[in-house]
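Good morning, and thank you for coming. I would like to walk you through one protein chain, from its overall make-up to a few individual residues.

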Amino acid sequence: MGSRTLTGPQLFLLGGSFLITLGSFAVLPYMSVLLHDRFGLGLGVVGAVLAVASLVQFSGGVVGAALAARIGLRATMLVALAVRTAGFAAFVPGLTRPVVAVAALFLVSCGAALYLPANKAYLVAGCGPERRPGLLAASGSAFNAGIALGPPAAAPFVLTSPAGLFTGVAVLFALVGAGHVLLPSVADEGVGVKDTTVEDKTVEDRTGEAAGVAAGSGLPPFAFTVLAVYVFMFFQHYLALYAVPRTSTAFYGAVLMGYAILLVVAQPLLARRLAALPYATALRLGFGAMAAGTAVLALGGRAGIAVGAVLLCLGEIVLFLKNDLEALARSAAPSATVFGRQRLAAGLGAFAAAVVGGQLYGVAERAASVPVFWLVVSAQAVVLPALLVVWARGSARRRAGDGPVAAHRPR
């Protein structure tokens, strides 16, 4: 997407998205180290704190959507950035007070929950379906570029001068927030198709819906977002434990950097083609790539890990973008509400992966069969979506079976 197709506010939001994730990921990836090594918190406590913070950051998107509906998109983004600025600033006194540091982490998580639905909704406000794929892909690239550059940028400072790092990030957020004050107000309206009530549907309509489900067009994006994030987070959480002992820290870092570059470059390039794909086809491609990628990881070695990461990156590009586009297209709700629900789905998937993944990896490690862990994940990437399809088709048939009654119901 060329810059000539973007408005000034859209360009600002994309640049702000990069700076926001750059600042966030200069701090957040190191929280486990700070909480454990600096404050002496046990690993169990650290894990619980990070799990709850992650759940707040994702599932709180529905609160952000509700706030946007009440006070508007720009005002919600300003509130969110103020909360995050306060959170990063609170890390400075938190360096000597663990309770303050944990509170600061939750402030940062709450700010992230409020910000993203409003940000995405503002970005696509007033845009037709033909522009949304490119805009959302560009937004994803901006966020991922910040995610890739934040940790290495902060690495020299996070342990030697953390107070200066936290202060710098808080100032960065304050400046980005000040820029948001200048954004014009926009209305957040429903961008999809409105639902038809049961009473307004004929037998033919309902039969057509059942056929649509069978073809994949009626499958629920919320549920597939839960599954996509669930499968992906196994890779996100456990690749380091798997890859570093088998290769090296440097190779693992190179894989992460290559993954980020591929994501940033490929997602905008593929956006229009992904938008044109039937939903069922996109689901097969995305989950197929994730299943193949996790199976290849089981081979181990540099080649297996690198190829597996590339396949998982392609799966992420397809599923994450297509699920958002499909959710937007099907809903008459304000777009911030749609994105809030999608964030909730992502939070549920991430939380489930954290709970299940630790148990599975522990069992595989104790059995000295860690590669089997990735084969189990691969099997889930195939079986769970298939089970959801079967459930959706069964639900459609049951609804279609009620058709004659609905058709003769008095109006």
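This is a predicted model: local features need pLDDT of at least 70, side-chain atom pairs count only at pLDDT 80 or more; totals for chains, interfaces and linings use all residues.

The protein chain has 16 helices and zero strands. Of its 411 residues, 48% are buried. The accessible surface comes to about 18000 Å², and carbon and sulfur atoms account for 69% of that area. Among contacts between residues at least 6 apart in sequence, 84% join residues at least 24 apart.

Let us now look at helix H1, which covers residues 8–24. Helix H1 has 17 residues, and the distance from its first C-alpha to its last is 24 Å, close to the 24 Å expected at 1.5 Å a residue. Which residues of H1 are buried? They are Gln10, Leu13, Leu14, Gly16, Ser17, Ile20, Thr21, Gly23 and Ser24. An α-helix has 3.6 residues a turn, so residues three or four places apart point the same way. As for what covers the buried residues of H1, the cover includes helix H5 (73–94), helix H6 (98–124), helix H7 (132–154) and helix H8 (162–181).

Among the buried residues of H8 are Leu165, Phe166, Val169, Ala170, Phe173 and Val176. What do the buried residues of H8 pack against? Their partners are H1, helix H2 (31–38), H5, H6 and H7.

Is Thr247 buried or exposed? Its relative accessible area is 17%, and Thr247 is therefore buried, the cut-off being under 20%. The side chain of Thr247 reaches the backbone oxygen of Ala243 at 2.6 Å. Beyond residues up to four places away in sequence, Thr247 touches Gly301, Arg302 and Ile305.

Arg302 lies in helix H13, residues 301–330. At 47% relative accessibility, Arg302 counts as partly exposed. Setting aside neighbours within four places in sequence, Arg302 is in contact with Thr247, Ser248 and Phe251. Arg302 and Ser248 are 54 residues apart along the chain, yet their C-alpha atoms are separated by 9.4 Å.

Finally, let us consider helix H11, which spans residues 249–276. Leu149, Met257, Ile261, Val265 and Leu269 form a nonpolar patch on the surface, with about 470 Å² of accessible area together. Which helix gives the largest share of this patch? Helix H11 does, with four residues. One of the patch residues, Val265, is in helix H11 and is partly exposed, with a relative accessible area of 48%.

Leu270 is also found in helix H11. This residue is partly exposed as well, with a relative accessible area of 30%. Leu270 and Ile317 are 47 residues apart in sequence, and 8.4 Å separates them in space, C-alpha to C-alpha.

That concludes my presentation, and I thank you for your attention.

Methods: Residues are numbered from 1 along each chain as its sequence is written. Side-chain values use heavy atoms; hydrogens and water are left out. Patches are made of residues with over 30% relative accessible area and no salt bridge: like charges are joined within 9 Å, nonpolar side chains (Val, Leu, Ile, Met, Phe, Trp, Tyr) within 5 Å. Accessible areas come from the Shrake-Rupley method with a 1.4 Å probe; for residues, only the protein chains shown count as cover. A salt bridge is a side-chain nitrogen of Lys or Arg within 4 Å of a carboxyl oxygen of Asp or Glu. Helices (H or I, at least four residues) and strands (E, at least two) are DSSP runs, numbered from the N terminus. Buried means under 20% relative accessible area, exposed over 50%, partly exposed in between (1.4 Å probe, protein chains only). The expected span of a helix is 1.5 Å times one less than its number of residues. Contact means heavy atoms within 4.5 Å. A polar contact is a pair of N or O atoms within 3.5 Å; within protein, one must be able to donate a hydrogen and the other to accept it, and residues adjacent in sequence count only if both atoms are side-chain atoms.
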